[in-house]
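Please read the following report alongside the sequence and the coordinates. It takes up confidence, contacts within a chain, and the interface between chains, in that order.

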Amino acid sequence: MGNESLYYRFDVDGENFTSAGEASVQTKRILRRVGFSPDIIKRVSIAMYEGEINMVIHACGGVVELFIEEDKIKIILTDHGPGIENIDLAMQEGYSTAPDNIRSLGFGAGMGLPNMKRYTDSMEIESKVGEGTKITMTVNV
Amino acid sequence: MTVRELVDRTGLTVLVLPDGDHEVSGVYAGDLLSWVMGRAKESQAFVTIMTNINVLAVTALLDLSCVIICEDAEVPPELIRSAEEKGINLLRSDAPEYETCVRLSSVL
């Protein structure tokens, strides 16, 4: 790959819960084409999928950006949703503010953010209540 | 054991089997998809009662070997169609999750 870095941008449709996952499925395809190991591909695409689901549940959608660099893959999730009031609490497994109808779809278990952290090497959350949330995750390659 | 062999030995119903040669590494049962995302391992058979489309996204992202829908739950036609398109093996069991897992355990 040399020193090139690749950049992709995906819009996450906030209205369509069932199509959430399109960015991560496409990302999986892209990473496979570039030739990353299955483990790296899995970690990136799962972290991104959880991010997409969060955007649909909480923020009426958002934008996912993917940067493929020489030594790492970076994912930036940006939304203009309600923001996260207490990030420490949100990071706890099992803590969720998702509405009940989301639970009937199998989400809202309070595992999204913890999973994103679990599958990445670094994760940084910037959030302002009433303005939105930006999450930057990296996976070292 | 491949998914096709698993079907032969357990009598699970095939809804679609586009990737029958996928090896089954074990079983993971669960209905909370984020929980499954965090815990299930590659090539496990995914035992669940969930039938929404997100089940397929989780299965694809984790490279699980098949989805087994329990309790003869009604499976929407679009789920079957989408599984076929995505190359995901979709099976159905008439038994509840526990009994389905016991049956799987006896052949794996």
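Chain A averages a pLDDT of 92, and 97% of its residues score at least 70. Where pLDDT is low, the predicted coordinates should not be read in detail.

Residues are numbered from 1 along each chain as its sequence is written, and chains are lettered from A and ligands numbered from 1 in the order in which they are written. Because the model is predicted, local features need pLDDT of at least 70 and side-chain atom pairs count only at pLDDT 80 or more, while totals for chains, interfaces and linings use all residues, and side-chain values use heavy atoms, with hydrogens and water left out.

Over all chains there are 11 salt bridges, a salt bridge being a side-chain nitrogen of Lys or Arg within 4 Å of a carboxyl oxygen of Asp or Glu. Two of them are listed here.

| Salt bridge | N to O distance |
|---|---|
| A:Arg43 and A:Asp121 | 3.2 Å |
| A:Glu93 and B:Arg39 | 3.6 Å |

A:Arg43 lies in helix 2 (residues 38–59) of chain A and A:Asp121 in the loop between helix 5 (112–119) and strand 4 (122–128) of chain A, so this pair ties together parts that are 78 residues apart in sequence.

Turning to the interface, 18 residues of chain B are in contact (heavy atoms within 4.5 Å) with 23 residues of chain A. The two chains bury about 1,800 Å² between them, 58% of it on carbon and sulfur atoms, where buried area is the accessible area (1.4 Å probe) that two parts lose on being put together, summed over both. Across this interface the rule finds 2 salt bridges. The elements that give two or more residues to the side of chain B that touches chain A are helix 2 (33–39) and helix 3 (54–62) of chain B.

How values were computed
Helix = DSSP H or I, 4+ residues; strand = E, 2+ residues; numbered from the N terminus. pLDDT = per-residue confidence, 0-100.
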